[in-house]
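Reader: I have a structure open and would like to talk it through. Could you take my questions one at a time?

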Amino acid sequence: LISDKEFKALLSKVVKRVVSNKSSTLVRIRRRNAELAEETKSLSEHCRELANQINIIRVTDFNPTKEEFEKKNGQQAAVLSKLAKNVLFEKLAAATKDADDQSESLLTSLLQGNIEVSSFVGSYTQLRKTYHIREHKRGDMQPKCVGR
């Protein structure tokens, strides 16, 4: 195989042997090729069957379950958004201000003579108690909520 001439001669012999119809190598290659074609056809049919089963499962089980999950996940997010610390803090601050405003309004009504002292004392005391309780809770929550 030192020269191109020798290499071409050897290559010619190999090609003649492989191409020859009587060659057992060519017969084996053709037989194996036919076997592989049958296996491929069989696997192809099996893949189609599996794809159909996947589609059936997707339609009957997966999609409805996914929709239900997404619905419940949305409900959970809605509930959690209402319970977030900063949201609760804002609601408590608003309720505190409302109690303060109501007590101030009641005091103004008393000073203007629109209500009796006897009815004022019980209502005013309750409103101020509510205000102070809420203000105390808001003060406790503020470092936890405002710092975030």
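Reader: Which backbone oxygen does the side chain of serine 103 reach?

Author: This is a predicted model, where local features need pLDDT of at least 70, side-chain atom pairs count only at pLDDT 80 or more, and totals for chains, interfaces and linings use all residues. Residues are numbered from 1 along each chain as its sequence is written, and side-chain values use heavy atoms, with hydrogens and water left out. A polar contact is a pair of N or O atoms within 3.5 Å; within protein, one must be able to donate a hydrogen and the other to accept it, and residues adjacent in sequence count only if both atoms are side-chain atoms. Here the distance is 2.8 Å, and the oxygen belongs to aspartate 100.

Reader: Is serine 103 buried or exposed?

Author: Buried means under 20% relative accessible area, exposed over 50%, and partly exposed in between (1.4 Å probe, protein chains only). Serine 103 has 0% relative accessibility, so the residue counts as buried.

Reader: Okay, and which residues does serine 103 touch, not counting those up to four places away in sequence?

Author: Contact means heavy atoms within 4.5 Å. With those sequence neighbours set aside, serine 103 touches Tyr124, Leu127 and Arg128.

Reader: Where is serine 103 found?

Author: Helices (H or I, at least four residues) and strands (E, at least two) are DSSP runs, numbered from the N terminus. Serine 103 sits in the run covering residues 85-111, and that is helix H3.

Reader: What should H3 span, and what separates its end C-alpha atoms?

Author: The expected span of a helix is 1.5 Å times one less than its number of residues. H3 has 27 residues, so the span should be 39 Å; this agrees with its end C-alpha atoms, which are apart by 39 Å.

Reader: How many aromatic pairs does the structure hold, and which residues form one?

Author: Rings of Phe, Tyr and Trp (its six-membered ring) pair if their centres lie within 6.5 Å; planes under 30 degrees apart count as stacked, over 60 as edge-to-face and the rest as tilted. The structure holds one such pair. With 4.8 Å centre to centre and 25 degrees between the planes, this pair is stacked, and its members are phenylalanine 120 and tyrosine 124.

Reader: What separates phenylalanine 120 and tyrosine 124 in helix H4?

Author: Phenylalanine 120 is buried, with a relative accessible area of 9%, while tyrosine 124 counts as partly exposed at 21%. They are four residues apart in H4 (residues 117-146), so the separation is about one helical turn.

Reader: Zooming out, what radius of gyration does the protein have?

Author: The secondary structure comes to four helices and zero strands, and the C-alpha trace spans about 125 × 45 × 20 Å along its principal axes. The radius of gyration is taken over C-alpha atoms, and the globule rule is 2.2 Å times the number of residues to the power 0.38. A compact globule of 148 residues would come out near 15 Å, but the protein has 44 Å.
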